[in-house]
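Here is a briefing on one chain and its partner. Look over the sequence and the model, then read on.

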Amino acid sequence: MRALTANRLIDGEVVFWAKGRWVERFADAELFGEDAPAEAAEAHGKAQPTLVVEPYLIEVVETDEGPAPAAYRERLRALGPTNTPQHGKQAEGGHDIAVLSHSTARARASGGRTKLIKR
Amino acid sequence: MYRYDTLDKEFLADRSAEFRHQVARRLAGELTEDQFKPLRLKNGLYLQLHAYMLRIAIPYGTMDVRQLRQLAHIARTYDKGYGHFTTRTNLQLHWIKLRDMPDILDALAEVDLHAMQTSGDCVRNVTADPRAGATAEEVDDPRVWAEVIRQFTTLHPEFSYLPRKFKIAVTASPHDRTAAKTHDVGLALKRGRDGVLGFEVMAGGGLGRSPYIGQTIREHLPVGRVLSYIQAILRVYNRLGRRDNKNKARIKILVAQMGAEAFAREVEAEWALIDGSQVDLPDTELARVRAFFATSFETRPAISSIFESAKQEDAGLARFARNNVHAHKAAGYGIVDVSLKAIGETPGDCSAEQMEAIADLAERYSKGEVRVTHEQNLVLPHVALDDVPAVYAGLKAAGLASANINLVSDIIACPGLDYCALANARAIPIAQDIAKRFSDPDLAERVGELKIKISGCINACGHHHVGHIGILGVDKKGEEYYQLTLGGSGAEDAEIGKILGPALPAERVAGAIDDLVEVYLRERRDGERFLDTYRRTGLQPFKEAIYAEAH
């Protein structure tokens with residue numbers, strides 16, 4: 001399963017694709033079981049350079065409690081930094097956040113984000 | 001403090017207006033992200049995991065209270081009310097919005113601040129001894145030279161597209177607090193046998209993927225010739241540095257491959273071609289810059305009875321005095337280190353309220369000056385000893401009185417995977433775990449000087465290679481693991497640490513530090529620091545303590 005993610009251009013917020021629009025919560029993200037619709041969404045996202053920066057697809061796994069990004073890096077993006085639980089999306093709390101926090105999936109992160117930073 | 005003149009201020013205003021226009025064009029779709037990225041990076045704006053990050057330059061780590069208050073205002077207005085001081089003595093704000101950036105640059109420019117030299121393949125923010133102008137150890141004020149180099153290198157067209165970034169540190173004390181030997185160029189002010197002031201020039205140091213200790217390429221450079229000599233170094237690097245492979249593009253690789261002697265010969269040959277009168281500053285200009293840094297001190301008795309009796313009455317103050325207050329060149333004054341390493345907090349983080357509290361204390365008690373150290377702490381450089389009890393009380397009220405400078409909980413940690421798009425593992429929680437384990441201040445003092453440095457990836461922003469204990473986060477099949485190194489030093493006895501053994505899972509790291517400290521306490525001889533004991537015994541006893549179970 002995959003989801004499409006990016007950072008919103010105007011404020012850098014982590015966003016996910018959901019049926020033609022960008023949403024802030026991973027729980028609201030559209031999940032793709034097939035390659036073709038995932039890649040079509042990615043193409044749509046890439047055609048919106050004034051809305052988002054460098055959209056890319058991430059792996060999603062089904063956990064006992066619900067779907068969560070497979071890579072820890074992507075769960076951090078969907079939650080916020082662990083040193084400040086009051087900051088980022090995790091501040092909202094609730095079931096959807098707990099699903100991500102409890103996930104122990106261990107996939108290697110995709111290289112997507114490393115392209116964003118140049119020192 | 002150096003003061004910007006009208007020309008400088010107009011330049012900053014123009015720069016800010018230019019970026020406002022660039023942001024508008026990006027938002028309107030007139031610039032692609034590929035076109036815009038180098039422009040935003042030249043203004044210190046990165047895109048990280050959760051948001052944009054703005055890195056604000058604090059030249060040679062020196063700020064006045066007006067600037068620190070403005071940083072607090074910006075952190076509160078445009079970020080989440082805090083900032084993170086870095087190993088390059090800059091301030092990072094981790095929750096910045098692109099739409100606010102033009103206003104933020106304007107707000108910075110109001111107090112002569114900006115974000116130039118914080119990104120890109122140019123000369124980065126020049127660092128200097130945080131005790132400059134305050135310590136009796138120094139042979140000259142390194143800030144004078146750092147400022148001159150800052151002016152020379154800022155947006156210098158010839159050095160704006162170097163093979164890779166370029167870092168310079170200036171120190172003037174035998175005890176190096178700048179990690180000069182881990183810089184692309186380290187400049188150490190020294191007096192020659194004839195008493196004449198000169199720079200020992202070290203080149204080719206650096207951390208990251210391939211760590212190297214800088215090598216001396218000139219023992220004694222006349223101080224007045226420093227700009228032309230830097231120009232010669234940069235020209236040789238620009239010409240010969242590799243551009244085909246980013247991982248091999250730093251000057252350290254060039255110096256290592258050529259050999260320091262051959263590199264020095266190239267630099268000397270290049271230098272001979274430069275007309276120094278076109279580059280080096282006349283004495284009048286140097287004197288003008290120097291005058292900005294002159295500070296006068298009142299005549300005071302060397303011993304303060306107020307301070308001495310307050311220490312007798314307050315064990316907390318006495319501990320603070322032992323660890324955070326250092327000798328000043330003027331009788332009756334002290335240099336006060338402000339630790340940003342409260343137990344359990346994020347190393348280097350400082351809230352807007354704390355910035356304001358420090359600014360208030362600096363205004364009242366430290367001649368309006370604050371310094372940033374590369375170890376992610378702050379310094380009040382000129383505090384009368386009579387005033388140390390009041391400063392301590394003010395710091396304590398702001399949660400800033402941790403008496404742990406140079407101790408086991410004074411840990412350098414990069415933002416790591418909690419924020420950074422490059423990181424493989426988190427650094428902050430590891431630092432927090434270790435600090436909590438050594439939260440007993442008596443234990444920390446018994447252990448003594450121990451520099452732990454943590455990086456969340458091989459780029460080594462947390463200087464792990466030169467930690468007495470270095471910790472490097474690695475990604476092992478999607479899990480955070482940590483590789484320990486021992487015996488590094490970023491000081492005048494600089495050395496790259498040696499790998500202890502296989503990487504450990506996160507939950508084992510703090511316990512392993514405990515075990516290493518146990519070995520040290522068992523093995524140490526009179527007066528030995530952790531580093532001294534390690535250098536005498538080597539890795540073996542430490543290795544046995546950590547990996548015994550595996551054998």
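What covers the buried residues of α15(B) includes β16 (412-413), β17 (452-455), β18 (469-476), β19 (479-486) and α17 (506-523) of chain B. This is a predicted model, in which local features need pLDDT of at least 70 and side-chain atom pairs count only at pLDDT 80 or more, while totals for chains, interfaces and linings use all residues. Residues are numbered from 1 along each chain as its sequence is written, and chains are lettered from A and ligands numbered from 1 in the order in which they are written.

**Enclosed helices**

- In α15(B), the buried residues are B:I428, B:P429, B:I430, B:A431, B:Q432, B:I434 and B:A435.
- That is seven of the ten residues of α15(B), so the helix is largely enclosed by the rest of the structure.
- Buried means 20 or more other C-beta atoms within 10 Å of the residue's own; exposed means 12 or fewer, and partly exposed lies in between, with C-beta atoms placed from the backbone.
- Helices (H or I, at least four residues) and strands (E, at least two) are DSSP runs, numbered from the N terminus.
- Helix α12 (residues 315-324) of chain B has B:L317, B:F320, B:A321, B:N323 and B:N324 buried.
- The buried residues of α12(B) pack against α11 (305-313), β11 (325-327), β12 (333-338) and α14 (388-397) of chain B.

**Chain B overall**

- Chain B holds 19 helices and 21 strands.
- Of its 551 residues, 56% count as buried.
- The C-alpha trace of chain B spans about 60 × 60 × 60 Å along its principal axes.
- Among contacts in chain B between residues at least 6 apart in sequence, 67% join residues at least 24 apart.
- Two residues are in contact if their C-beta atoms, placed from the backbone, lie within 7 Å.

**Side facing chain A**

- On chain B, 32 residues are in contact with 31 residues of chain A.
- α2 (33-41), β1 (45-47) and α15 (428-437) of chain B each supply at least two residues of the side that touches chain A.
- α2(B) gives the most to that side, with three residues.
- By class, the side of chain B that touches chain A has 14 nonpolar, seven polar and eleven charged residues.
- Ala, Val, Leu, Ile, Met, Phe, Trp, Tyr, Cys and Pro count as nonpolar, Asp, Glu, Lys and Arg as charged, and the others, Gly among them, as polar.

**B:L98**

- B:L98 lies in the loop between β5 (91-96) and α4 (101-110) of chain B.
- B:L98 is buried, with 22 other C-beta atoms within 10 Å.
- Not counting residues up to four places away in sequence, B:L98 touches A:L9, A:I10, A:D11, A:G12, B:V23 and B:Y52.
- The C-alpha atoms of B:L98 and B:E308 are separated by 51 Å, and these residues are 210 apart along the chain.

- The axes of α6 (residues 226-240) and α8 (residues 260-273) of chain B come within 8 Å and cross at roughly 120°.
- Axes are lines fitted to C-alpha atoms, for helices over the stretch in contact, and angles run from 0 to 180 degrees between N-to-C directions.
- α6(B) and α8(B) are therefore oblique to each other.
- Angles under 35 degrees count as roughly parallel, over 145 as roughly antiparallel, 65 to 115 as roughly perpendicular and the rest as oblique.
- B:S228, B:Y229, B:A232, B:I233, B:R235 and B:V236 in α6(B) meet B:E266, B:V267, B:E270 and B:W271 in α8(B).
- The residues of this contact divide into six nonpolar, one polar and three charged.
- The axes of α7 (residues 251-258) of chain B and α8(B) come within 6 Å and cross at roughly 110°.
- α7(B) and α8(B) are therefore roughly perpendicular to each other.
- B:L254, B:V255 and B:M258 of α7(B) make the contact with B:A260, B:A262 and B:F263 of α8(B).
- The residues of the contact of α7(B) with α8(B) divide into six nonpolar, no polar and no charged.

**Positive phi**

- Most residues other than glycine have a negative phi.
- B:Y60, not a glycine, has a positive phi of about 40°.
- B:Y60 sits in the loop between β2 (52-56) and β3 (62-64) of chain B, and is buried, with 28 other C-beta atoms within 10 Å.
- B:L155, not a glycine, has a positive phi of about 55°.
- B:L155 is in the loop between α5 (142-153) and β7 (168-171) of chain B, and is partly exposed, with 13 other C-beta atoms within 10 Å.
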